[in-house]
Amino acid sequence: MLQADADPSEFRYSATNNISYMYQVYCSYILLFKNTTKQDDFMAAQHLQDGLKMLVRKYYQPVAGWFDVRGDDIDVVFYADKFNDPPLTTQTLDIDSKELASHVYKSNVALLVPDCPSSFISRENRDIPMFLVKATYLESNDAMTLGVTYHHSLMDGTAFWTFMNNWASLCKQLYDQVSPGLVPLIPNPPSFGFPGISHLHKSELQVDHSEYALVDSSSFTRVFLSGKDKIKENLFVISVEQQHGLRQMAKEFGVSFNTMLCAIFWKEISVLRYNARPSTAQDISLFTCATNPRAQLGLSKNLCASPVINLAEPRPIGEVAAMELRDVALLVSQTVAKGSAEYVYSSTSFLLAQRQKEISNEKLGISGDKIMLVYVCPAYAKCVVSSSRNFPIYQSDFGFGQPEYVRPPYLPFDGCMRIWPTPQSACSGTANNEAPLEIYLSQPDYVDFTQSPLLSPFIVPSLL
């Protein structure tokens, strides 16, 4: 992190040494809180705003900063004496808490999540907020929701939930009047600035980076594409007993529990879509997963950055459908195992080299190819996995108890699969083997999961 010579109040660091260049999107969540103790000042907006402003100005100054594009670099710029404070908007609805909960379960983003500007970083779009909040209250004061949105180039899931829990802790201390007149301490003070990783270079490492796709500039987009089919979100719940069975199967196959889940869903998605449309046997069935290399890179969970990488394996849909489950599990395991520290360096170098080509083409007035994450591109069948089961999602206690429920908003693109903890996982911040898991999965509406002997036991009456 550097201090500018021209302006001693200015600080900046590069946001392109990690692979956040590909994550110029906003991510959102909806947190539902119940006013079980009937407190008049329950989750008061001013209380939340004061805590948020104190948090970003004291501990998270870059979150109250700006993006700055300089050539092939994207910097985060912030100052000691001026701030781009995260906006917090409010609304009050004349509905009951049951109806509010229904809007949460059905992912009513338009109602409960803040409106966002374009997330694409450019010289013309540098003032975009990095964090936004929408607080929804009820006339009855029985419940409320926080719709929270963050810019993915600055935070991954680890950094985001650390930010949320620090914000909640600070608000709780302010509400309880701990050390009045002093800025409260937070449990996990952040650090900033992605470390150099050039020492990880291995010239002998040969990688095709199938997680990325080069497309004609006319086809380029950063918006998730839903494809031609109507997409439906499906909810699966895996009980504790069912998890025990899956863990035993994973042990027999020599893979992890998460790998076992991914393998089951990838295979069954391929089987069901092939059975529905046999003519697609040679079309691509794509498995891709987001993985966080913090452990491989020796990065603290308190580093506010977005080092997530995606790993991908494309195969013909007929091939995946015909494979034994054990073989699919081993293929998923091999795909995930590619994500070494050296792979992260290779991925970063690959992206930056492509970005430099794109900038050169723009200067020369040449359209040229642009790079996209492959899961954004249309494919016949996709299983795009992100797992949040290890995140401390239910630790966000602002002084009035933990959330009743936290909802990952519906993303209407084919293949989106989210492994999600339930409230019973209790605030442990680690994968809890003794709590149910939820799986949110987006697939075309013609896919009938009741026809899958592996997935049908996880189907529950839909809240969606």
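User: Why is Thr 291 called buried?
Analyst: Thr 291 has a relative accessible area of 18%. Buried means under 20%, exposed over 50% and partly exposed in between, with a 1.4 Å probe and protein chains only, so at 18% Thr 291 counts as buried. This is a predicted model, in which local features need pLDDT of at least 70 and side-chain atom pairs count only at pLDDT 80 or more, while totals for chains, interfaces and linings use all residues. Residues are numbered from 1 along each chain as its sequence is written, and side-chain values use heavy atoms, with hydrogens and water left out.

User: Where is Thr 291, and which residues is it in contact with?
Analyst: Thr 291 belongs to strand S11 (residues 284-291). Helices (H or I, at least four residues) and strands (E, at least two) are DSSP runs, numbered from the N terminus. Leaving aside neighbours within four places in sequence, Thr 291 is in contact (heavy atoms within 4.5 Å) with Val 308, Ile 309 and Leu 311.

User: What makes S7 largely enclosed by the rest of the structure?
Analyst: Eight of the eight residues of S7 are buried, so the strand is largely enclosed. Both of its faces are covered. Phe 131, Val 133, Ala 135 and Tyr 137 are buried on one side, and Leu 132, Lys 134, Thr 136 and Leu 138 on the other. In a regular strand the side chains alternate between the two faces of the sheet.

User: How do you know that S7 pairs with S6 and with S8?
Analyst: Two strands pair if DSSP finds at least two bridges between them. S6 and S7 have six bridges, in the parallel sense, and S7 and S8 have seven, in the antiparallel sense. Gln 91 is bridged to Thr 136 in S7, and Tyr 137 to Met 144 in S8. S7 and S8 also form a hairpin with four residues between them, and Asn 141 in the turn has a positive phi of about 65°.

User: What makes S6 and S15 the edge strands of their sheet?
Analyst: The open sheet has five strands in the order S6-S7-S8-S3-S15, with mixed pairing. Strand S6 (88-93) and strand S15 (405-407) each pair on one side only. S15 pairs with strand S3 (residues 26-34) in the antiparallel sense over three bridges, and Leu 31 has Val 406 in S15 as its bridge partner.

User: Why is H5 called roughly perpendicular to H9?
Analyst: The axes of helix H5 (residues 240-253) and helix H9 (residues 325-337) cross at roughly 80° and come within 10 Å. Axes are lines fitted to C-alpha atoms, for helices over the stretch in contact, and angles run from 0 to 180 degrees between N-to-C directions. Angles under 35 degrees count as roughly parallel, over 145 as roughly antiparallel, 65 to 115 as roughly perpendicular and the rest as oblique. H5 is therefore roughly perpendicular to H9.

User: What makes H1 oblique to H4?
Analyst: H1 (residues 45-58) and helix H4 (residues 157-175) have axes that cross at roughly 120° and come within 9 Å. This angle makes H1 oblique to H4.

User: What classes of residue make the contact of H1 with H4?
Analyst: The contact has eleven nonpolar, three polar and no charged residues. Ala, Val, Leu, Ile, Met, Phe, Trp, Tyr, Cys and Pro count as nonpolar, Asp, Glu, Lys and Arg as charged, and the others, Gly among them, as polar. Those in H1 include His 47, Gly 51 and Leu 55, and those in H4 include Asn 166, Trp 167 and Tyr 175.
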